[in-house]
Amino acid sequence: MSIWWSLHLRRDAASVPLARRLLLGTMETAGVDPDISYDLSVALSEACANAVEHGGDAGSSEPYRVTAYLDGERCRIEVADEGPGFPSGGRRAPARPAHAEAEHGRGLCLIQELADHVHIGSAPGRGGAVVSFDKILKWRKDAPLVAV
């Protein structure tokens, strides 16, 4: 079983729950374990929130892209924006945890905690940030679209 979808979203806070609901609906329909679905939806929300906040100049209408793949036993999600990317354009060092009381700076760290594999970097040759992550899926016993 393989499912994939891609969205091009405006950098607007309202786009974050839209992407999250689409992911949760897809995973529920496919029969993915709810705990795995929840972890991935939180990670997706954090990546989208970062794209909305940092993905371009203030007031710009540059969209960001969310792509999700459920392929066999793995889900891979990529969020890419047209912003300045990460320093030096290359792979970014692992995120450092923010202070417990901090209201910002936790997103990348949360993604790293919730996913199995994470890549944080800049889009090769065109700028912008790319955050991709994947997780091994677990299935409900009554899953209609179990991977083969």
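Colleague: As what does D39 count by its relative accessibility?

Modeller: This is a predicted model, in which local features need pLDDT of at least 70 and side-chain atom pairs count only at pLDDT 80 or more, while totals for chains, interfaces and linings use all residues. Residues are numbered from 1 along each chain as its sequence is written, and side-chain values use heavy atoms, with hydrogens and water left out. Buried means under 20% relative accessible area, exposed over 50%, and partly exposed in between (1.4 Å probe, protein chains only). With a relative accessibility of 23%, D39 counts as partly exposed.

Colleague: With which residue does D39 form a salt bridge?

Modeller: A salt bridge requires a side-chain nitrogen of Lys or Arg within 4 Å of a carboxyl oxygen of Asp or Glu. For D39, the closest N and O atoms of the pair are 3.8 Å apart, and the partner is K135.

Colleague: How many residues apart in sequence are the parts that D39 and K135 tie together?

Modeller: Helices (H or I, at least four residues) and strands (E, at least two) are DSSP runs, numbered from the N terminus. The salt bridge joins D39 to K135. Because D39 lies in helix α2 and K135 in strand β5, the parts tied together are separated by 96 residues.

Colleague: Is K135 buried or exposed?

Modeller: Most of β5 is covered, with seven of its eight residues buried. K135 itself has a relative accessible area of 10%, so this residue is buried.

Colleague: Which residues are linked in a network of salt bridges?

Modeller: D134 and R74 meet through their side chains at 2.9 Å, N to O. This pair links strand β5 with strand β3 across 60 residues. D134 is buried at 6% relative accessible area, whereas R74 is partly exposed at 31%. The network is made up of R74, R76 and D134.

Colleague: How many bridges join β3 to β5?

Modeller: Two strands pair if DSSP finds at least two bridges between them. In β5, V131 is the bridge partner of V79. The strands β3 and β5 run antiparallel, and the number of bridges joining them is seven.

Colleague: Which residue in β5 stands opposite V118?

Modeller: Strand β4 (residues 117-122) and β5 run antiparallel and are joined by six bridges. The residue of β5 that stands opposite V118 is F133.

Colleague: What percentage of the contacts with a separation of 6 or more lies between residues 24 or more positions apart?

Modeller: Contact means heavy atoms within 4.5 Å. Leaving aside neighbours within four places in sequence, L137 is in contact with residues including M27, V32, I36, L40 and R74. For the protein, residues 24 or more positions apart account for a share of 66%.

Colleague: What pattern does the protein follow along the sequence?

Modeller: The secondary structure comes to three helices and five strands. Read along the sequence, their pattern is β-α-α-β-β-α-β-β.
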